[in-house]
Amino acid sequence: MGDKFQGIDPKLLAKTAVEVRERASDLDSKNAKPDSKMLKQAEAYAVVGWRDCVYWLCVACTAGLLWLIAHWFPVRFFLMRRRRAMLSDATHFLITASDGSKHYVNAFWLSGEHPADPKLLGFDYKQLRYILNAEEGVFERLTFDKFVHQPPSVIHKTLGSGISSEETRRFRFDLFGACVVDVPIPTHLELFVEETLHPFNVFQLYSFGLWMSYMYWQYAGAILVITLYYIIAEVLESHANLTKLRSIARCECMVTVIRNKEKKSISSTELVPGDLFEIPSHMHMPCDAVLMSGTAIMSEAMLTGESVL
């Protein structure tokens with residue numbers, strides 16, 4: 001199958017559906033049942049050029065009506081435009097959650113840490129990344145707890161000197177992404193379009209056009225003004241809420257990291273799992289980290305619900 005799939009079992013790559021395994025810590029400890037939104041299965045799909053051409057031709061012939069219907073029923077139209085494929089040919093995944101709901105996501109391949117390592121197949125779903133475990137043939141949520149749950153002596157031995165290879169740093173940055181909780185904020189125009197395409201607002205706009213065709217100017221004008229006021233109010237409120245949420249969740253600062261036994265100052269967004277960094281005195285820093293030396297006071301206000309002011 002080529003260098004891209006070197007080191008991966010061909011039988012696994014020939015599969016069209018793979019189980020998604022959640023972490024044991026995410027299961028209910030009493031009955032070991034997964035949450036209703038946890039993932040169960042990922043089915044591989046691939047792009048079909050002629051189906052896309054037919055779809056867009058139908059969209060043009062219906063003056064965009066088919067595109068509007070596809071916007072309301074994305075999974076059904078996804079199945080019409082894509083075909084089941086082997087993992088080796090996957091461009092998308094159809095995700096099935098524990099409650100039976102389905103969603104589709106893009107598939108991606110990442111290079112291994114070393115040139116001889118096999119590539120990694122994965123997908124992102126609701127800000128979480130899942131990577132194919134080629135040994136067990138399942139998708140697993142990406143975590144960096146391989147060494148965290150080890151005795152302190154093992155942690156100090158394996159992580160005590162930080163990252164010494166630029167190749168390792170680059171690989172982990174590509175795999176885990178930037179070290180930041182970033183809430184994406186759509187533009188006002190994107191929110192306006194999304195809100196306008198809601199079935200209720202589409203019906204209101206249709207009513208406006210219908211009453212206009214019967215020359216009921218005042219009634220049609222009232223529907224248009226009220227609908228636009230509602231849409232604009234929703235857009236402004238949604239944008240303000242997302243902006244406030246992002247300001248609370250996002251934290252970025254300069255940190256001193258030790259790499260290749262040298263200290264240098266970088267942005268906290270450039271940190272990768274396994275980095276060794278310093279926390280200066282009297283500095284507040286939200287992070288998931290193992291304290292290697294010294295002392296620190298940990299505030300659990302975000303976990304207990306106490307005021308953080």
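Visitor: Which residues of β4 lie on one side and which on the other, and are the faces of β4 covered or open?

Guide: This is a predicted model, in which local features need pLDDT of at least 70 and side-chain atom pairs count only at pLDDT 80 or more, while totals for chains, interfaces and linings use all residues. Residues are numbered from 1 along each chain as its sequence is written, and side-chain values use heavy atoms, with hydrogens and water left out.

Strand β4 spans residues 92–97; helices (H or I, at least four residues) and strands (E, at least two) are DSSP runs, numbered from the N terminus. Both faces of β4 are covered. H92, L94 and T96 lie on one side, F93, I95 and A97 lie on the other, and all are buried. Buried denotes under 20% relative accessible area, exposed over 50%, and partly exposed the range in between, with a 1.4 Å probe and protein chains only. In a regular strand the side chains alternate between the two faces of the sheet. Because six of the six residues of β4 are buried, the strand is largely enclosed by the rest of the structure.

Consider next the partners of β4. Two strands pair if DSSP finds at least two bridges between them. Strand β2 (residues 39–47) runs antiparallel to β4 and is joined to it by six bridges; here Y45 stands opposite H92. Strand β5 (residues 102–110) also pairs with β4 in the antiparallel sense, over five bridges, and the bridge partner of H92 in β5 is N106. The hairpin of β4 and β5 has four residues between the strands, and G100 takes a positive phi near 95° in this hairpin.

Three bridges join β9 to β11, where T256 stands opposite E278. E262 is found in β10 and is exposed, with a relative accessible area of 56%. The C-alpha atoms of E262 and S164 are separated by 9.4 Å, although the two residues are 98 apart along the chain.

The axes of α8 (residues 199–213) and α9 come within 8 Å and cross at roughly 160°. That makes α8 roughly antiparallel to α9, since angles under 35 degrees count as roughly parallel, over 145 as roughly antiparallel, 65 to 115 as roughly perpendicular and the rest as oblique. Helix α7 (residues 188–196) packs with α9 (residues 217–249) at an angle of about 130°, with the axes 9 Å apart, and these two helices are therefore oblique to each other.

Definitions and conventions
Axes fitted to C-alpha atoms, helices over the stretch in contact; angles between N-to-C directions.
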